[in-house]
Amino acid sequence: MLTLDEFLKNAEDCWHFSLDVAWDQNRRHPELSRGTCLRERSFLHTLLGTNQAPVFEQACALADSAAEKAEMSQLLPQVLDWMEKKYPPPEKHPEFEPGRCFRYALNERHYCYMHIYNAKRPESFLKFPEYVAENLRYIMDKAERDDGCDTLYTATWMTCLPAFLRFFPEEWKENRTMTAAGEFGPTMGWQGQFIDRFGLLNHAVARRFLQTGVLPFARKETHCSFTAVRRHLDGLGL
């Protein structure tokens, strides 16, 4: 577990990254205000864990009025105070069953909407093929039994990650499309790639994004039948 000092140092790094992204996105998309970029196209929501924290709206408002980015430093103590109240971070995600890297919900098409969590931290869950396959079968079986689903769906940056794609058939890859929500947004579906296996800011990915303005892995949605996924996993010997 991170010490409080390590946790707060990472929070400060994430705060500065949020500001850098907002200013950079405003430069690349001048039709969007800095406050809008901080609210919708930065790491701030992911850092704070909510847009309901008082400092969230304060930061977005100040971003629009500040003459210089340095003026934002006056809010750092409030950010760190908010983050200190969140320490220590929970050892498991409250919405996932213990030890599970996938859970499901239903979307408007009554698909099995797969949500993803690294339950193997500090290792990547993708390093455990049998575990991934068992977790996939678990949510498909449950969704099929409890909700009559026959199609697996997700929308995440991981649909462009080769290590993740190996567990899915060609149908899954061919059905990938950019989400209607756009090229960049405020949630983990876009921003999970900025977090490393220790739960810290991935500085290399962060620098790459600031250099290019383009996410290394686009958030795409995709779907395919349970039958195709099961057949593919069987073919992998998993």
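Analyst: Start with burial: buried means under 20% relative accessible area, exposed over 50%, and partly exposed in between, with a 1.4 Å probe and protein chains only. This is a predicted model, where local features need pLDDT of at least 70, side-chain atom pairs count only at pLDDT 80 or more, and totals for chains, interfaces and linings use all residues. Residues are numbered from 1 along each chain as its sequence is written, and side-chain values use heavy atoms, with hydrogens and water left out.

User: Why is Q193 called buried?

Analyst: Its relative accessibility is 3%, so Q193 counts as buried. Q193 sits in the loop between α9 (188-191) and α10 (203-212). Helices here are DSSP runs of H or I, at least four residues long, and strands are runs of E, at least two long, numbered from the N terminus.

User: What is Q193 in contact with, leaving aside its neighbours within four places in sequence?

Analyst: Contact means heavy atoms within 4.5 Å. With those neighbours set aside, Q193 contacts W157, N202, V205, L215, P216 and F217.

User: What makes M72 buried?

Analyst: M72 has 0% relative accessibility, so the buried label applies. The loop between α4 (54-65) and α5 holds M72. Not counting residues up to four places away in sequence, M72 touches W15, L19, W23, L38, A59, L62 and A63.

User: Why does Y111 count as buried?

Analyst: Y111 comes to 15% relative accessibility, so Y111 counts as buried. Y111 is in the loop between β1 (102-106) and β2. Y111 and C149 are 38 residues apart in sequence, yet their C-alpha atoms are 5.9 Å apart in space. C149 is one of the residues that Y111 touches, and H223 is another.

User: Why is H110 called partly exposed?

Analyst: The relative accessible area of H110 is 38%, so H110 falls in the partly exposed class. H110 also lies in the loop between β1 and β2. Its phi is near 65°, a positive value in a residue other than glycine. Most residues other than glycine have a negative phi, and most peptide bonds are trans.

User: Which peptide bonds are cis?

Analyst: One joins Y87 and P88, with omega about -5°. P88 is in the loop between α5 and β1. Another runs from R121 to P122, with omega near 15°. P122 is in the loop between β2 and α6.

User: How do you know whether the size of the protein chain agrees with a compact globule?

Analyst: The radius of gyration is taken over C-alpha atoms, and the globule rule is 2.2 Å times the number of residues to the power 0.38. For 238 residues the rule gives a value near 18 Å; the protein chain has 19 Å, so the two agree. The C-alpha trace spans about 60 × 40 × 30 Å along its principal axes. The chain has 11 helices and 5 strands. Of its 238 residues, 45% count as buried.

User: Why is α6 called roughly antiparallel to α11?

Analyst: Axes are lines fitted to C-alpha atoms, for helices over the stretch in contact, and angles run from 0 to 180 degrees between N-to-C directions. Angles under 35 degrees count as roughly parallel, over 145 as roughly antiparallel, 65 to 115 as roughly perpendicular, and the rest as oblique. Helix α6 (residues 129-147) and helix α11 (residues 226-235) pack at about 155°, with axes 11 Å apart. That angle makes α6 roughly antiparallel to α11. Residues making the contact include L136 and M140 of α6, and F226 and L233 of α11.

User: Which residues of α11 are buried?

Analyst: In α11, the buried residues are F226, A228, V229, R230 and L233. They pack against β2 (112-116), α6, β3 (151-156), α8 (170-174) and β5 (220-225). Just after α11, G237 has a positive phi of about 75°.

User: What makes α1 and α5 oblique to each other?

Analyst: The axes of helix α1 (residues 4-28) and helix α5 (residues 76-85) cross at roughly 135° and come within 10 Å. The pair is therefore oblique. Among the residues in this contact are L4, F7 and W15 of α1, and V79 and M83 of α5.
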